[in-house]
Amino acid sequence: KRKIMTTAAQIAGPLKKIALTYTAGTATDSRDLVSAPTDLEFIFGVAAQGFTPFECAIDSKNVGDSGVLAIPKKDLPEFFGHILPWNDVFPVNYDPVYFHFTITAVSDAQASEVVRYMAQASAGGCGGGCGCGCGGH
C-alpha cells in the first residue's frame, strides 16, 4: 500500500476544515447502521466547550487515514457534540456503535468559515435533534 505524502496543512487539528466519509455498524467489521459511505465536513475545534471526544480521536490524523471508533451508547451525546446529529444517524439501542471513518481532505479554514461554524456550534448547533446540548433544537 502506497503512503500518501502529507504536509502540515493536511493534518487534522484546530481550525482546520476536515472532510471525511463514515459508515457505522453494530460490530467492528459491520456496516449495518450506516452502510453507504456518508460525507461529513466540519471545522475542528470551534465549540465554546472545547474539543469533542471525536475531535480528540482524529487529532493529528492525515488525509487518507482510516479508523474505527467503538463509542459506548452512554457517550454518544457528548462524543460528536455539534459535529454530527448522532440521534438522527444511529439507533440508540446498540451499544457500542462502531464508527468507521476515512479522512478525505484537510485544509486551512477561511476566517469567514470559522466564524460561521462557531456561530452554528454555539447558537444553532448541528441543526438536528442530536441531543448534543447545543441548544439549537
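Predicted model: local features only at pLDDT ≥ 70, side-chain atom pairs only at ≥ 80, totals over all residues.
Visitor: What pattern does the chain follow along the sequence?

Guide: The order is β-β-α-β-α-α-β-α, which comprises 4 helices and 4 strands. Of the contacts between residues at least 6 apart in sequence, 68% join residues at least 24 apart.

Visitor: How is a pair of aromatic rings described?

Guide: One states the distance of the centres and the angle of the planes. The structure holds 8 aromatic pairs. In one of them, the ring centres of Y22 and F99 are 5.1 Å apart and the planes stand at 25°; planes under 30 degrees apart count as stacked, so this pair is stacked. Because Y22 belongs to strand β1 (residues 16-25) and F99 to strand β4 (residues 97-108), the pair ties together parts that are 77 residues apart in sequence.

Visitor: Are Y22 and F99 buried or exposed?

Guide: Y22 is buried, with a relative accessible area of 6%, and F99 is buried at 0%.

Visitor: How do the rings of F54 and F80 pair?

Guide: Their centres are 5.1 Å apart and their planes stand at 50°, so the pair is tilted. F54 lies in helix α1 (residues 53-58), whereas F80 lies in the loop between α2 (76-79) and α3 (86-89), so the pair ties together parts 26 residues apart in sequence. F54 counts as buried, at 0% relative accessibility; F80 counts as buried, also at 0%. One aromatic cluster is formed by Y22, F42, F54, F79, F80 and F99.

Visitor: Where do nonpolar side chains tend to lie in soluble globular proteins?

Guide: They tend to be buried together. In this model, the largest nonpolar core has 35 residues, and those with the most contacts inside it include I18, F42, F54, F80 and F99. Among the elements that give two or more residues to this core are β1, β2 (34-43), β3 (66-71) and α4 (111-124).

Visitor: Which element gives the most to this core?

Guide: That element is β4, with 5 residues.

Visitor: What is I18 in contact with, leaving aside its neighbours within four places in sequence?

Guide: Among the contacts of I18 are A12, L40, F42, I58, I103 and V106.

Key
Residues numbered from 1 in each chain as written. Heavy atoms only, no water. Contact = heavy atoms within 4.5 Å. Phe/Tyr/Trp six-rings, centres within 6.5 Å; stacked < 30°, edge-to-face > 60°. Buried < 20%, exposed > 50% of the residue type's maximum accessible area, 1.4 Å probe, protein only. Core = buried A, V, L, I, M, F, W, Y, C linked by side-chain atoms within 4.5 Å.
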